[in-house]
Amino acid sequence: SFYWKHQYSAILSYIQSNYATVKLSDLEALFHYSEKQIRRIVSATTGISYSDLITKLKMEHALQLLKQKKIRMEQIAEETGYTTVSSFYRAFSSYYNCTPGIYRKTLEETAAG
């Protein structure tokens, strides 16, 4: 059985604030749970895996940044924790089934519509 502990919300809150750069080893050191325990806590409390949670947070932030026309793709990639624009493009395209450029263009057309 799984018992909610106050510290679980601290772990999730930390992940939410630092998803772009957080590593399991950081969480292990900060919260004194093993990486395996942290994966289990995240999965049990969110219903998705640790890596899926990180991707979801990155992608949701990317959508917000894409709505701002002045922000360049390089900056969006960096802010969402991707080391290269191409890795950001691959992750975004895989997650949303369209490129960030097409998504942004669609937003602009919808706004102009």
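In the predicted model, helix H3 comprises 12 residues, numbered 35-46, and it reaches 16 Å from its first C-alpha to its last, which is close to the 16 Å expected at 1.5 Å a residue. Within H3, the residues Ile38, Ile41 and Val42 are buried, that is, each has under 20% relative accessible area. These three residues lie on the same side of H3, because they cover an arc of only 95° around the axis. An α-helix has 3.6 residues a turn, so residues three or four places apart point the same way. On the other side of H3, by contrast, Lys36 and Arg40 are exposed, with over 50% relative accessible area.

Just after H3, the chain continues with Gly47, which takes a positive phi of about 85°.

From H1, the residues Gln7, Ala10, Ile11, Tyr14 and Ile15 take part in the contact, where they meet Leu27, Leu30 and Phe31 of H2. When the residues of this contact between H1 and H2 are sorted by class, 7 are nonpolar and 1 is polar, while no charged residues are found.

Methods: Residues are numbered from 1 along each chain as its sequence is written. This is a predicted model: local features need pLDDT of at least 70, side-chain atom pairs count only at pLDDT 80 or more; totals for chains, interfaces and linings use all residues. Side-chain values use heavy atoms; hydrogens and water are left out. Helices (H or I, at least four residues) and strands (E, at least two) are DSSP runs, numbered from the N terminus. The expected span of a helix is 1.5 Å times one less than its number of residues. Buried means under 20% relative accessible area, exposed over 50%, partly exposed in between (1.4 Å probe, protein chains only). The arc is that of the directions from the helix axis to the C-beta atoms. Contact means heavy atoms within 4.5 Å. Ala, Val, Leu, Ile, Met, Phe, Trp, Tyr, Cys and Pro count as nonpolar, Asp, Glu, Lys and Arg as charged, and the others, Gly among them, as polar.
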